[in-house]
Amino acid sequence: VRIRKSEDLKQSWKNRLDELMGRVYGSKQRVLFIVDELPDMLSAMRSNAVEEQASFLHWFRKTREQSLKGSVRWLVGGSVNLVAALDRHNIVNLINDLKVEVLHPFDEEEVKAFVQGMFNGYSVTYDEAVIPRILDLLGSPIPFFLQMLTEELYRYWKKKKTPLTADDVNIVFNKTLLGETARDKLQHYRSRLDVHYPEEDREAARRILNHLSLTDEGATRDVLFQLFRQTEGLRTVARQGIALDDAFQRLMLYLQSDFYINDSGNGRYDFSSRLLKTWWRKYYGFESGY
């Protein structure tokens, strides 16, 4: 299906998609459609053509139901939790047929296997303290940043020409992941609060994360609720009572589902990623005292 530059897609997108799907169904082929960053697409639609968002979601659900009758399947993904994103606008019912698959951070054994495979593939020599130091700095790592760190360690080793040490990991970590090299990628986690979170909850989300970034072992739910209530009190129309409790509960679920924080046990919460926590402390921890 060719889209001409002169075509007004705002008027014709549904016809074009139906045409495409008709050809796919008619081909009798087994087809998997992969739609990445769907929450961002829907957010953009909501900002620029809110009436089209619901129209698209209705079309998409109808199409998925029809696809199940044949050999067409759909895989949708995003760096933001789709269910939580739509729940914020009370339209989660339009995607509740999807089966949710959560991609968890690497565990310790997966980190070891990844780093060893990467280093062995490039014949990198390193001492036994290197991998434990990587684990200590990254915590439960986002795979992309683990890959970035190991690639930079490889480049550093090529120039050094002697086995990597734990001190080398510190140097590369501070220069690469806490420096300008990765700042734009980590900044995404800060800026997406303004894109995907309800306006009335953004300031509270930032304040909770700013506070957690300065702690050694996280904070209790009660402490975070007090921060939420203090921030809410600054709003012109503040929520109170059950409405306040529900809003806090919902925000905590959002922050967990989007992998900002996790429940570390005993009623305490902390950043899910040690890297993100260290970066957040460096650039935004100073805001915690306002």
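**Close-up 1. Lining of the largest pocket in a predicted model.** Of the lining residues, 26 are nonpolar, twelve polar and ten charged. Here Ala, Val, Leu, Ile, Met, Phe, Trp, Tyr, Cys and Pro count as nonpolar, Asp, Glu, Lys and Arg as charged, and the others, Gly among them, as polar. The model is predicted: local features need pLDDT of at least 70, side-chain atom pairs pLDDT 80 or more, while totals for chains, interfaces and linings use all residues. Numbering starts from 1 along each chain as its sequence is written, and side-chain values use heavy atoms, without hydrogens or water. Strand 2 (72-76) gives the largest share of the lining, five residues. Strands are DSSP E runs of at least two residues, helices H or I runs of at least four, numbered from the N terminus.

**Close-up 2. Trp 13 and Trp 59.** The ring centres lie 6.5 Å apart with planes at 80°, so the pair is edge-to-face. Rings of Phe, Tyr and Trp (its six-membered ring) pair with centres within 6.5 Å; planes under 30 degrees apart are stacked, over 60 edge-to-face, the rest tilted. Trp 13 sits in helix 1 (residues 9-27) and Trp 59 in helix 3, 46 residues apart. Trp 13 is buried at 17% relative accessible area. Trp 59 is also buried, at 9%. Buried means under 20%, exposed over 50%, partly exposed in between (1.4 Å probe, protein chains only).

**Close-up 3. Phe 33 and Trp 74.** Centres 4.5 Å apart and planes at 15° make this pair stacked. Phe 33 belongs to strand 1 and Trp 74 to strand 2, so the pair ties together parts 41 residues apart in sequence.
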